[in-house]
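Here is a brief report for a first look at this model. Please keep the structure in view while reading.

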Amino acid sequence: MTLPVAVDAMGGDHAPGAVVEGALDAVREGLDVVLVGRRDAIVAAGGDSLDIIEASEVIEMSEEPSRAVRTKKDSSIARAVNAVRDGEASAVVSAGNTGAVAAAALLRLRRLPGVARPAIATAFPVPGGGTERVLLDSGAMADCNARWLHQFARLGSAYSRIRFGVAVPSVGLLSIGEEPEKGNLLVKETHKLLAADSEIDFFGNIEGRDVLDGPVDVVVTDGFTGNVVLKSLEGTASFFVRLILERLSQSGPAGAEALRLLAPLADEMSPDSVGGAMLLGVRGVCVIAHGSSSPRAVTNAIRVAHRMVEADLLGELAAVSLPSPSVDHR
């Protein structure tokens with residue numbers, strides 16, 4: 001019998017309302033959920049019919065992640081991660097402070113054998129029903145070395161295969177040019193390691209313009225660059241959506257018809273459709289949803305968590321042969 005997914009009810013810009021609504025929709029689909037947070041807030045949001053693990057504290061978005069995790073031991077994030085550690089839940093979902101979720105998972109769940117550092121793998125929707133692309137790291141490790149990125153390439157390749165069914169995922173290294181000699185020292189050193197790795201299908205360097213519409217399934221970069229890319233794409237998409245809606249709404253019947261035709265594409269490309277990013281490399285299925293997650297996004301994140309538990313993501317990742325890191329990983 002599958003254990004429930006522990007959902008941080010207090011995490012996100014629209015919590016607990018959006019989280020509770022998304023959890024209720026997931027339960028209606030037959031998925032098992034337990035909410036974690038302040039009982040009074042959850043009940044007030046309509047979650048009185050759901051199982052609840054009480055947590056008296058909330059880690060705010062503005063707090064320093066590691067410090068908050070260590071000092072707020074009764075936070076909803078900490079309690080949700082503890083539920084996985086203690087065998088009360090099969091996975092954790094949170095739209096809260098990303099750094100705090102990653103720090104709590106690292107401290108309480110620990111790393112998978114051989115993993116030097118965890119990485120956040122973000123999937124991008126592809127129009128027309130194409131296979132989603134995976135970007136990692138998108139924010140877990142701002143400073144990386146080449147051997148960690150080498151591990152990210154293997155983990156990301158395995159994740160693409162497990163979650164999206166890509167038989168042999170192609171891997172690209174994000175750089176400022178396609179040629180092997182382009183990039184900073186980190187990129188150049190990583191390129192040498194990936195090019196010599198027969199365990200992955202290494203395409204070579206790719207540029208920023210290739211992230212959404214390029215030749216690879218997995219994009220590898222450090223967490224600082226990856227997070228900048230992710231936020232830049234989100235901001236650009238949001239800007240153009242607003243601009244298009246504004247112009248078309250002023251264009252009479254023709255504009256209204258264009259809006260009707262574009263609506264399915266906008267829905268398909270929405271981050272809410274993806275279901276959150278996955279923290280790879282820890283001993284637990286950990287889905288990090290967008291901070292502004294809607295109820296639909298929360299439901300999709302719960303779906304992804306359940307699916308990855310059923311697919312034995314942890315077992316599959318633990319079986320991945322990882323290159324030795326350059327540092328110890330106690």
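Arg-110 is partly exposed, because its relative accessible area is 41%. Here buried means under 20% relative accessible area, exposed means over 50%, and partly exposed lies in between (1.4 Å probe, protein chains only). Arg-110 sits in the loop between α5 (98-109) and β5 (119-124). Its phi is near 70°, a positive value in a residue other than glycine.

Asp-312 also has a positive phi, near 55°, and is not glycine. Its relative accessible area is 43%, so Asp-312 is partly exposed. Asp-312 lies in the loop between α11 (295-310) and α12 (313-318).

## Basis of the model

This is a predicted model: local features need pLDDT of at least 70, side-chain atom pairs count only at pLDDT 80 or more, and totals for chains, interfaces and linings use all residues. Residues are numbered from 1 along each chain as its sequence is written, and side-chain values use heavy atoms, with hydrogens and water left out.

## Overall build

The protein chain contains 12 helices and 11 strands. Both are DSSP runs numbered from the N terminus: helices are H or I with at least four residues, strands are E with at least two. Along the principal axes, the C-alpha atoms fill a box of roughly 60 × 60 × 35 Å.

Why does a radius of gyration of 20 Å agree with a compact globule? Because a compact globule of 330 residues would have a value near 20 Å, and the protein chain has 20 Å. The radius is taken over C-alpha atoms, and the globule rule is 2.2 Å times the number of residues to the power 0.38.

## Contacts, surface and charge

Of the 330 residues in the protein chain, 52% are buried. Take contacts between residues at least 6 apart in sequence: 71% of them join residues at least 24 apart. Contact means heavy atoms within 4.5 Å.

The accessible surface is about 14,800 Å², and carbon and sulfur atoms account for 53% of that surface. Areas come from the Shrake-Rupley method with a 1.4 Å probe; for residues, only the protein chains shown count as cover. There are 31 positive and 42 negative side chains, and the centres of the two sets lie 5 Å apart. Lys and Arg count as positive, Asp and Glu as negative; His and the chain ends are not counted. Each charge is placed at NZ of Lys, CZ of Arg, CG of Asp or CD of Glu.

## Nonpolar cores

The largest nonpolar core has 64 residues, and Leu-35, Leu-136, Val-220 and Met-278 touch the most other members. Helix α6 (residues 146-164) gives this core its largest share, 10 residues. Apart from this core lies another, of 27 residues, including Ala-102, Ala-105, Ile-120 and Ile-288. A nonpolar core is a set of buried Ala, Val, Leu, Ile, Met, Phe, Trp, Tyr and Cys residues joined through side-chain atoms within 4.5 Å.

Leaving out residues up to four places away in sequence, Met-278 touches residues including Ala-119, Tyr-159, Val-287 and Leu-313.

## Cis peptide bonds

Leu-136 and Asp-137 are joined by a cis peptide bond, with omega about 0°. Asp-137 is in the loop between β6 (133-136) and α6.

The bond from Ala-15 to Pro-16 is cis, with omega near -5°. Pro-16 falls in the loop between β1 (5-8) and α1 (17-28).

## Ser-249

Ser-249 belongs to helix α9 (residues 223-249). With a relative accessible area of 53%, Ser-249 is exposed. Its C-alpha atom is 54 Å from that of Gly-114, 135 residues away along the chain.
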